[in-house]
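Have the model open and follow along.

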Amino acid sequence: MKKFISYFKILALVLLAGIQFSCNDDDDNLYAGAPEIDMVSASVDENGQALNPLVSTNMGYANNTYIIKGRGFASLKHIYFNDHESYFNPNLVTDNTIIVTVDINTPYVNGNNKLKLVTNTGSVEYNFIIAPPAPIFRGFQPVNAADGETITIKGNYFVDPTVKVGDMDAQIISYTLTEIKVKLPAGSQDKKVTVTTLSGNNTWGTAVGTAIYDDAFYAPWDMESWNNHEYVTDPDNAFQGDVFIKKQIDGWGNIQSNWNSDANAVTKYTGIKFAVRSDGPGKLIFVFNSQFWGDASKAFTTSDDWVEVKYKWSDLGNPAAVQFLGFQEFSGAQTTYYFDNFTYTTD
């Protein structure tokens, strides 16, 4: 995650790094010509610590703070990144140093990749790329695609991406800023998918081929209609994919899957997980293989935000097979719950 800190904290940090500011520059010592840029540096490292010494860079991120070193800055009027103006605090400008935060709305595509300073004595441009934020990964469909089939990755900031499944390159068929279509390479099963751009990488926590439910249940699993649940198609509010499960559960009531037996899952995988949220505060017990009904020690709370809940097989009594998945309402009040992304875990 990129770092953004207040001007006051930056001032303290850069003073520690040896950058001195003067409230009253001696006009006789000011550089008289057009401004010149020697270097641009991030103000802090990835841990939020002041860089000392400063490290030159030609790439930055919107809403992050940078130190510009050079001369002729005293009469600074404007700062532009990719032709988009960024506000600067005059108190953080000397004739040789500028501290500026790149405006959050600065474009990172189709720009001129230039930093431009304008002063009373002229202007200067400096090669400086505004990179997009690190990619955001919101899942892929279908989770249980076979090798050679196409999956659709959803998220944001997919600028010139590459995709790996495990340590194997996946063939990109097409991509936009928010969606990538890739062909799974041979050996993709039980491997995780990683999207990489020049700004970083992100790996989705669900491996290929491990789904019990993504946008639908995979055989032999299902949820019987007598549960009176709904399947809601709402990509913007799903944990992943497009469709999630909704049910208003009475206090102490339940929702449950059908009965089955999958002994292979407990030997092949490390555990099970799912995503859940509720309308307001809620409390549930995961009733696994008909165990833990009414067991307060197994209860967990829910809220308006999706949370992913994971269990190792040892947390669930080291079962011989997966036979039954259910939830008991444990707040005692009628609450609407939402469920998504039932999968096995691989780590």
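A nonpolar core here is a set of buried Ala, Val, Leu, Ile, Met, Phe, Trp, Tyr and Cys residues joined through side-chain atoms within 4.5 Å. Buried means under 20% relative accessible area, exposed means over 50%, and partly exposed is in between (1.4 Å probe, protein chains only). One thing to keep in mind: this is a predicted model, in which local features need pLDDT of at least 70 and side-chain atom pairs count only at pLDDT 80 or more, while totals for chains, interfaces and linings use all residues. Residues are numbered from 1 along each chain as its sequence is written, and side-chain values use heavy atoms, with hydrogens and water left out.

**The cores**

Which residues touch the most other members of the largest nonpolar core? Phe286 and Phe339 do, in a core of 35 residues. Several elements give two or more residues to this core, including α2 (263–268), β20 (243–249), β22 (271–278) and β27 (335–345). Strand β23 supplies the largest share, five residues. Helices (H or I, at least four residues) and strands (E, at least two) are DSSP runs, numbered from the N terminus.

Another core, of 21 residues, lies apart from that one, and Tyr66, Ile79, Phe88 and Ile98 are among its members.

Back at Phe339, contact means heavy atoms within 4.5 Å. Not counting residues up to four places away in sequence, Phe339 touches Phe244, Ile245, Ile249, Ile255, Ala275, Val276, Leu284, Trp306 and Phe327.

**Aromatic pairs and charges over rings**

Rings of Phe, Tyr and Trp (its six-membered ring) pair if their centres lie within 6.5 Å; planes under 30 degrees apart count as stacked, over 60 as edge-to-face and the rest as tilted. By this rule there are 28 aromatic pairs. Two of them are set out here.

| Pair | Centre to centre | Angle between planes | Class |
|---|---|---|---|
| Tyr213 and Phe217 | 4.9 Å | 55° | tilted |
| Phe286 and Phe327 | 5.4 Å | 40° | tilted |

The pair of Phe286 and Phe327 links distant parts of the chain: Phe286 belongs to strand β23 and Phe327 to strand β26, 41 residues apart. Phe286 is buried, at a relative accessible area of 2%, and Phe327 is buried with a value of 2% too. In the other pair, Tyr213 is buried at 0% and Phe217 is buried at 17%.

Some rings also have a charge over them, which here takes NZ of Lys or CZ of Arg within 6 Å of the ring centre and within 35 degrees of the ring normal. The charged end of Arg277 sits over the ring of Tyr338, 4.1 Å from its centre. Lys298 lies over the face of Phe292, at 4.8 Å from the ring centre.

**Strand β11 and its partners**

Two strands pair if DSSP finds at least two bridges between them. Strand β11 (residues 150–156) has five of its seven residues buried, so it is largely enclosed by the rest of the structure. Strand β10 (residues 136–141) pairs with β11 in the antiparallel sense over four bridges, and Gln141 stands opposite Thr152 in β11. Strand β15 (residues 179–183) runs antiparallel to β11, with five bridges joining them. Across that pairing, Thr152 stands opposite Lys181 in β15.

**A four-stranded open sheet**

Next comes an open sheet of four strands, in the order β13-β12-β16-β17, with antiparallel pairing. Its edges are β13 (168–169) and β17 (200–203), each with a single partner strand, so one side of each has no neighbour in the sheet. Strand β12 (residues 162–165) is joined to β16 by four bridges, and Val163 has Val195 in β16 as its bridge partner. Four bridges also join β16 to β17, and a hairpin connects β16 to β17 through two residues.

What stands opposite Thr194 in β17? Thr203 does. Their side chains are joined by a polar contact of 2.6 Å, a polar contact being a pair of N or O atoms within 3.5 Å; within protein, one must be able to donate a hydrogen and the other to accept it, and residues adjacent in sequence count only if both atoms are side-chain atoms. Thr194 itself is in strand β16 (residues 193–197) and is buried, with a relative accessible area of 16%.
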